[in-house]
Amino acid sequence: LSAQFLGPNHAIDMIPHTAVVVYGKEYFFGGGIQRCDPDAFRRQRGFYPVQVKVLGKTKVAQRDFEAWCRRHSSVSWPAAKYT
């Protein structure tokens with residue numbers, strides 16, 4: 001599909017899915033900040049990790065992290081700006 005937009009000399013083999021797994025949920029951009037079960041995401045979409053990096057642990061409480069995601073999803077990264 002990318003060759004249609006970029007031309008045959010600039011085709012992209014894949015567009016990676018990038019996410020973080022926090023508190024057992026996978027968070028990613030897709031019309032704002034989305035979250036779901038990592039295994040369910042992979043099964044439903046057929047995307048499987050090519051590379052996984054462990055970034056460490058957070059000291060932010062789950063409640064605070066989820067509140068931040070909700071607050072910024074609609075203000076900083078709404079679906080209309082995700083292109």
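## Basis of the model

Two strands are said to pair if DSSP finds at least two bridges between them, where strands (E, at least two residues) and helices (H or I, at least four residues) are DSSP runs numbered from the N terminus. This is a predicted model, in which local features need pLDDT of at least 70 and side-chain atom pairs count only at pLDDT 80 or more, whereas totals for chains, interfaces and linings use all residues. Residues are numbered from 1 along each chain as its sequence is written, and side-chain values use heavy atoms, with hydrogens and water left out.

## Strands and hairpins

Strand β1 (residues 20-22) pairs with strand β2 (residues 25-29) in the antiparallel sense over three bridges, and Val22 has Lys25 of β2 as its bridge partner. Two residues lie between the strands of this hairpin, in which Tyr23 takes a positive phi near 55°.

Strand β2 also pairs with strand β3 (residues 33-36), in the antiparallel sense over four bridges, with Glu26 standing opposite Cys36 in β3. The hairpin of β2 and β3 has three residues between the strands, and Gly31 takes a positive phi near 75° there.

## Cysteines

A search of the whole structure finds zero disulfides, a disulfide being a pair of cysteine sulfur atoms within 2.5 Å. Cys36 counts as buried at 19% relative accessibility, and Cys69 also counts as buried, at 7%; buried means under 20% relative accessible area, exposed over 50%, and partly exposed in between (1.4 Å probe, protein chains only).

## Ser74 in helix α3

Ser74 belongs to helix α3 (residues 62-75) and is exposed, with a relative accessible area of 53%. The C-alpha atoms of Ser74 and Ile33 are separated by 8.3 Å, although these residues are 41 residues apart along the chain.
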